[in-house]
Amino acid sequence: MSHKNDAVNNLSKLFSPVRITMMSNLFSTGSPKYSSKTANLTGNERQIKDGCADIYNAIQKWTKTNREGTETITDMANIRISLLLESGEENVEKPDSSSELQKLESLCEELATCVQKLKKLVLKMKTVESKFHGVNNLSQYRNDSDVVFQTWSAKDFASAAEEITAMYQKEWKLKHSIYENICHAISRDSVMFYTSAWVHQPYIQERAELLLQSMLNETGHVS
């Protein structure tokens, strides 16, 4: 139980709710533009503001789903390790372990559901990225490179969405690989490696949070 709590606590520290602060602009391309938070936005501004909210919501759901996956994979790791002999012959399972194997199979199904949810969230981010690129292409076609909200152009939003999506897409591929392999791991070290990789999410860099905070600040979702 302590291992499970430690894993969840570590995850909470790494991926706490986004802290919104005033930040220097990552893609400043022009003079600041005033944009009322309460105005009824239309056209490109509405698409971009809604898209930024969609990315934020997707990341919040990812964090929640990943935490659930951490609990599941920790239970899986405990069972898997208990099925391996401590004599050094780790690839031999203990006798009379049918109940544990059934539990492990059930947990594998839970993890599969978790991985599928994460995939849908990545696809949502990908949709927003495509939308932003479309807005940017239209702006370029019209020779309109002005800032959309405060200091960012449509191209800046597209670049930020693309960078964030790329991180989460790589992370999803890693998690899918973990799901495919952890149930068949034949050593304690392998089991612990897969569990650690799931918790620490190596492909999601701190820059993802920085970009998200800046996008929300630019569009007036926060101040």
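This note sets out, in numbered points, the main features of the structure shown above.

1. Basis of the model. The model is predicted, so that local features are reported at pLDDT of at least 70 and side-chain atom pairs at pLDDT 80 or more, while totals for chains, interfaces and linings use all residues. Residues are numbered from 1 along each chain as its sequence is written, and side-chain values use heavy atoms, with hydrogens and water left out.

2. Overall fold. The protein has 6 helices and 0 strands, and its elements run α-α-α-α-α-α from the N terminus on. Here helices (H or I, at least four residues) and strands (E, at least two) are DSSP runs, numbered from the N terminus.

3. Surface and interior. Of the 223 residues in the protein, 41% are buried. Buried means under 20% relative accessible area, exposed means over 50%, and partly exposed lies in between (1.4 Å probe, protein chains only). The protein exposes about 12,100 Å², of which carbon and sulfur atoms supply 48%. These areas come from the Shrake-Rupley method with a 1.4 Å probe; for residues, only the protein chains shown count as cover.

4. The nonpolar core. A nonpolar core is a set of buried Ala, Val, Leu, Ile, Met, Phe, Trp, Tyr and Cys residues joined through side-chain atoms within 4.5 Å. The largest one has 50 residues, and Ile 48, Phe 132, Ile 164 and Tyr 168 have the most contacts inside it. Two or more residues of this core come from each of H2, H3, H4, helix H5 (188-200) and H6. H3 gives the largest share, 13 residues.

5. Tyr 168 and its surroundings. Leaving aside residues up to four places away in sequence, Tyr 168 touches Ile 59, Trp 62, Val 122, Met 125, Ile 204 and Ala 208. Tyr 168 is buried, at 4% relative accessibility, and Trp 62 is buried as well, with a relative accessible area of 1%.

6. Aromatic pairs. Rings of Phe, Tyr and Trp (its six-membered ring) pair if their centres lie within 6.5 Å; planes under 30 degrees apart count as stacked, over 60 as edge-to-face and the rest as tilted. The structure holds 5 such pairs. Phe 149 and Phe 157 form another edge-to-face pair, at 6.1 Å centre to centre and 75° between the planes. Phe 149 is buried at 0% relative accessibility, and Phe 157 is also buried at 0%. Ring pairs join Phe 132, Phe 149, Trp 152 and Phe 157 into a cluster.

7. Salt bridges. Side chains of opposite charge can pair when their charged atoms come close. A salt bridge is a side-chain nitrogen of Lys or Arg within 4 Å of a carboxyl oxygen of Asp or Glu, and the whole structure has 6 of them. Glu 163 and Arg 207 form one, at 2.4 Å from N to O. This pair also connects distant parts of the chain: Glu 163 is in helix H4 and Arg 207 in helix H6 (residues 206-218), 44 residues apart. Glu 163 is partly exposed, with a relative accessible area of 26%, and Arg 207 is partly exposed at 29%.

8. Lys 126 and Glu 129 meet in a salt bridge of 3.6 Å, N to O. About one helical turn separates the two residues, because they are 3 residues apart in helix H3 (residues 98-141). Lys 126 is partly exposed at 34% relative accessibility, whereas Glu 129 is buried at 7%.

9. Lys 175. Which residue meets the side chain of Lys 175 in a salt bridge? The partner is Glu 171, at 3.5 Å from N to O. Both residues lie in helix H4, 4 residues apart, about one turn of the helix, and both are buried. The charged end of Lys 175 also sits over the ring of Trp 198, 4.2 Å from its centre. A charge sits over a ring if NZ of Lys or CZ of Arg is within 6 Å of the ring centre and within 35 degrees of the ring normal.

10. Arg 46 and Thr 219. Arg 46 is found in helix H2 and is partly exposed, with a relative accessible area of 30%. The C-alpha atoms of Arg 46 and Thr 219 are separated by 9.5 Å, although the two residues are 173 residues apart along the chain.

Definitions and conventions
Contact = heavy atoms within 4.5 Å.
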